[in-house]
Amino acid sequence: MLSFRIPLAIAALTAGALAIHASTQAATAAEVKTASDIQIVSLTNEHGMSIKVTNYGAIIMSIVVPDKDGKLADVALGYDDIRSYTNAVDKPYFGAVVGRYGNRIAKGKFTIDGEEYSLPINNPPNSLHGGIIGFDKVIWDIQVEESKNAVKLSYLAKDGEEGYPGNLSCSVTYTLTDENEIKVEYFATTDKATPVNLTQHTYFNLAGEGEGDILDHQLMINANRFTPVDETLIPTGKTPAVQGTPFDFTTAKAIGRDINSDNEQLRFGGGYDHNWVLDKGGQTGELTLAARVVEPKSGRVMEVSTTEPGIQFYCGNFLDGRLIGKSGKEYVYRGGFCLETQHYPDSPNQPNFPSTTLKPGDEYETTTIFKFSTTK
C-alpha cells in the first residue's frame, strides 16, 4: 500500500472562492485557510487500483481501476489541477462532498423548533447542495492514515454559515481497501439542531472519463419506489412504485433504454435526476446493496452499498461539452452519472420522509462503499 501527500501553492485561488469563504464565515484572518493549505493525496492498493483526493471540497479527483483485460483507466470525471475545479463552468460538483445539506431544500426555507431559517437560493427557486459556498468549495483539514490506507478530512461549519443553524463539526474518511473498495465514512456533531445530509458527488464513466456517454451502462437500483418531483425538482411527498415506469431499474437495463420516454418526470429532470427509496429489507441504517453498474465493453463493474435510505441517480443531463476533462476530452451530454447515497431531498419540509435533523448530543454516522470489479 502506498500513500503520499503533495502540498500545493496556488496563489491565483485566494482571490476567488477562498475570499468568499472567508467573508461567509466572518472568520478572522488567522482562521482563514489559503491556497497553500490545499493538498492532494494519492492512495494505491495491492492490485494497482488508485484514488486521488484533495482537501479542497473533499474532492475525489481520480479513480483508476482495471478493466477485464487488466487495462487501467480513470473512471471519475474531473481535473488534474485545483484551479480547474474553481473555474469550471456551472460548477458541476465533480467528485466533491456536498453539504451541509446535499440535494434541494424547497425555496431555501425550513423550520426547526418553531424557528424558520432561510438559505441562499442558488438553484432558483430552491437551495441546492448547501448553498453558494457549500462544503464542496471550502478547504478541509486533512490527515493521512497510512496504516489504514485512508485519508480523513475534517471541517467546522459555523453557526449561521449559508443560513444553517449550529456549529457543525464533520468529517469524511476515504479508505481504499485491497478488495478494490472505496469506503466513505461520514461523521458529524452539532451544538444546535440542524439538518444534515452529506453525500459524495463523483461522476462516473466506467468506460473511462471522457469516453463518450454512459447510456449503454447497465444499471440496477435496489428500489421498488422513488420520490417524484414537481417542475422545480422538489419531491411531491409521494413514493409511488417504479413498476411499469421508466424508473424501474429493479432488473438491470441500459441507462439509455427508457430515458427518452414520454414521461412527465423525465421532462422535469431533463432525464434521470431523482431519488430512489432503497429496499433495506428491514435493515434500516445497516449497510445494504443500493446499486450495481456494468459497462459492457470494458467489463468494469461498480457496486454501491450504503447505510442511507435513498440514492439520487443523475445521468449528466447538464453536461454539454463545454467542460474539458483531465484527459483533454470534452465531457459530452450524459457523459457521466452520479449515484449519490443520501436522505431524501427536501426532508426538512417533508414530515413523511426520514428525518435529517441532527440534535446536540447525537452523532451523525453514515457509510457508503463503492466496490469495483470486472465481469468474467
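Guide: A strand here is a DSSP run of E of at least two residues, numbered from the N terminus. The model is predicted, so local features need pLDDT of at least 70 and side-chain atom pairs pLDDT 80 or more, whereas totals for chains, interfaces and linings use all residues. Residues are numbered from 1 along each chain as its sequence is written, and side-chain values use heavy atoms, without hydrogens and water.

Visitor: Which are the edge strands of the open sheet of nine strands?

Guide: The order of this sheet is β11-β12-β13-β14-β26-β22-β21-β17-β19, and the pairing (at least two DSSP bridges between two strands) is antiparallel. An edge strand pairs on one side only, and this holds for β11 (141–145) and β19 (253–254).

Visitor: Is strand β2 mostly covered or mostly uncovered, and how many of its residues are buried?

Guide: β2 comprises residues 39–44 and is mostly covered. Buried means under 20% relative accessible area, found with a 1.4 Å probe on protein chains only. Of the six residues of β2, the number that are buried is five.

Visitor: Which residue takes a positive phi in the hairpin of β2 and β3?

Guide: β2 and β3 (residues 50–54) pair in the antiparallel sense over five bridges, and S42 stands opposite K52 in β3. Five residues lie between the strands of this hairpin. A positive phi near 90° is taken there by G48.

Visitor: Which residues lie closest to the centre of the largest pocket?

Guide: A pocket is an open set of points on a 1 Å grid over the protein atoms alone, with protein on both sides within 12 Å along at least five of seven lines; its lining residues have an atom within 4 Å of a point. Of the 28 lining residues, the closest to the centre are D90, K91, Y93, L128 and F318.

Visitor: Which strand gives the largest share of the lining of the second largest pocket?

Guide: This pocket has a volume of about 290 Å³, and E308, H343, S355, Y364 and T366 lie nearest its centre among 17 lining residues. By class, the lining has five nonpolar, eight polar and four charged residues. Both β25 (357–358) and β26 (364–374) supply at least two residues. The largest share, three residues, comes from β26.

Visitor: How much space lies in the largest cavity?

Guide: A cavity is a set of grid points where a 1.4 Å probe fits but cannot get out, and the structure holds three of 30 Å³ or more. Of the 13 residues that line the largest cavity, I59, Y85, K91, Y93 and D136 are closest to its centre. Its lining has nine nonpolar, one polar and three charged residues. The space in the largest cavity is about 120 Å³.

Visitor: Why does V332 count as partly exposed?

Guide: V332 is found in the loop between β23 (310–314) and β24 (338–342). Leaving aside neighbours within four places in sequence, V332 is in contact (heavy atoms within 4.5 Å) with G212, D213, L319 and G321. V332 counts as partly exposed, the class between under 20% and over 50%, because its relative accessibility is 29%.

Definitions and conventions: Helix = DSSP H or I, 4+ residues; strand = E, 2+ residues; numbered from the N terminus. Points joined across faces, edges and corners; volume = space filled by probe spheres on them. Nonpolar A, V, L, I, M, F, W, Y, C, P; charged D, E, K, R; others polar.
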